[in-house]
Amino acid sequence: MSCQQYLFLFPLFFLFSCSGDADQAAETEPKPEAVAVRKAMEFTAHRVVDDAKWWWALTIGDVTNDGLQDIIYINNNANGGHLGFRAGSKEGGLWQETIVATAPPAGGTFAAGDLEAGDMDGDGDIDILAVKHTGEWDNAGEAAEIFYYENPGWEAHAIGEAKDAVKDMSIGDFDGDGLADLAVLTFDESNLRIHQQQKDGSFVMVQDITQKGLHEGMDVGDLDGDGDADIVANGFIFDNPGGDLTAPWTMTSIDDKWHNQEGDWSANGTKEFIADLNEDGTPEIFISHSERAGYPLSYYSRNEDGTYTEHVILKELPAAHTLQVFDMDLDGDLDVVTGINFARAVNLEPKVEHYEVMVLLNEGNNKWTSKVIDNEGIYNGRVADFEGDGDYDIFRYPNHEAKELFFIENQTK
C-alpha cells in the first residue's frame, strides 16, 4: 500500500497556563507579540509502518548511517518476536525492515518496556540495546538479561542483569571516561542499577539501588551543574558522586506525588525528560503520568538551596505516555510534544474520550499554547530531526496495541 499523507492545519490554538507554583496555575492570554512573530507550523503525516505488533519498546536512531532516522523496535514484545529496525526513507511508501536478531543469544524471548540505541563501543555508529525476558505481563519478577548488538554485523555483547522486567533504560557517560554506561529501571522490584563500561568493553554493575516508588520514568542529565550526569526517576533525583561511581548516589525527592501512589501496576507510572528550558546551565525536569488521570504535566526548576519548584503546564493530562522537549517552531525556546495514549485512556474510570496529540508552544513567562496535530492518540512518541534539515519531526505510534506507525514531518524548514 502506498504512503498516505495527511496535512493537519489547525487555525485555532487551545490555551493552557502555568505559574511558578502549582497552586497558582491559571489560564492567561498569550503575549500578542509572541504569537505575531511565530511562523505557523505545519505537519505532514506519512504512514511508514502498517504491520506493527505490540511495539511497546521502540526508539529512534540513524542505524544505517545515511543521515536519516530509523525506527528501532521489539516486534511482538514478549511473545517470541524479533528485534529489528525500519530504515528511514524519503521516497515514500512503507519503510523496509531489517531483522537484527530473532531471539537473544542463548534463546528465550525479547521483552522490555523501553528500548534505547547509541554508540556503545565508541566506533561512531549506532548500536542497539536489547533485553531478554519473559515479559512484564507473563512473569515480571523474573530476572532479565541486558546486552547490546554491535553495528555492523550485530554481534551481541553482554551488559548485565536486571532484577526483574525492564521498564526504562538510559545511556550516559556517568564517570566521564568517554565510554557509554547504562542505567536500568525495573517494573516490579523498585530497583535502579547502574552498569559501568570498562576499558576492555565489558560492564560492571556499580550501583544496585532499591527505593519504594520506583517503577517507570527515567532520564539522565547534569542536574546540579557539577559536570557529571545525574539520574531522575519517578520524581527522585540520584546525584552522581563522581569517581568510580561506587560511592552512594544521594537521593532527593522533587515531589512525592510522583512516587507515593498505591494500587495496581499503573501506580507511579511516569514519563520524564531533562532539558535546559532557561539556558542557564541548570536543566529543568519535565514529568507527566503515563497511566492514570488526575495528574498534571509539569516541569520543575532547581532552586539555589537544591530544592525544586513545580511549574504546571497543563493542569491534567491523562495517560500521557509521550513527553519530548524540543524547539519545534524554531523560535529559540523549548516546546513540549505530548499526548494521550488512546488504548489506556479508554480503560480509565471515568473513561477518557479525547486523545489529542499536541505541541505545547512556549510563549515565555511560563505561558504555553497548544497546537493539536492529531486526535487519535500517541504512545511512546519520539522526536528527532529525521532528515537533518534543522527542524524536529515526530514519530507517532497511536497506542500500545496499534498496527500502524506514522512519521509526522515538520514543515517549518
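Which residues lie nearest the centre of the largest pocket? In this predicted model, the residues nearest that centre are E116, M218, D219, F273 and R382, which belong to a lining of 27 residues.

**The largest pocket**
- The largest pocket is lined by 27 residues, and its volume comes to about 560 Å³.
- Two or more lining residues come from each of the strands β12 (166-172), β16, β20 (270-275), β24 (322-326) and β28 (379-384), and among these β28 gives the most, with five residues.
- By class, the lining of the largest pocket consists of eleven nonpolar, nine polar and seven charged residues.

**The second largest pocket**
- The second largest pocket holds about 300 Å³ of space, and of the 17 residues that line it, E136, W137, W265, Y379 and H400 are the closest to its centre.
- The elements that contribute two or more residues to the lining of this second largest pocket are α2 (136-139) and α3 (342-345).
- Six nonpolar, five polar and six charged residues make up the lining of the second largest pocket.

- G213 is found in the loop that runs between β15 (203-210) and β16 (218-221), and it counts as buried because its relative accessibility is 6%, where the cut-off for buried is under 20%.
- Leaving aside residues up to four places away in sequence, G213 touches S190, N234, F236, H259 and N268.
- A267 is 54 residues from G213 along the chain, while the C-alpha atoms of these two residues are separated by 8.4 Å.

Conventions
Residues numbered from 1 in each chain as written. Predicted model: local features only at pLDDT ≥ 70, side-chain atom pairs only at ≥ 80, totals over all residues. Heavy atoms only, no water. Helix = DSSP H or I, 4+ residues; strand = E, 2+ residues; numbered from the N terminus. Buried < 20%, exposed > 50% of the residue type's maximum accessible area, 1.4 Å probe, protein only. Contact = heavy atoms within 4.5 Å. 1 Å grid on protein atoms, 1.4 Å probe; cavity = no way out; pocket = protein on both sides within 12 Å on 5 of 7 lines; lining within 4 Å. Points joined across faces, edges and corners; volume = space filled by probe spheres on them. Nonpolar A, V, L, I, M, F, W, Y, C, P; charged D, E, K, R; others polar.
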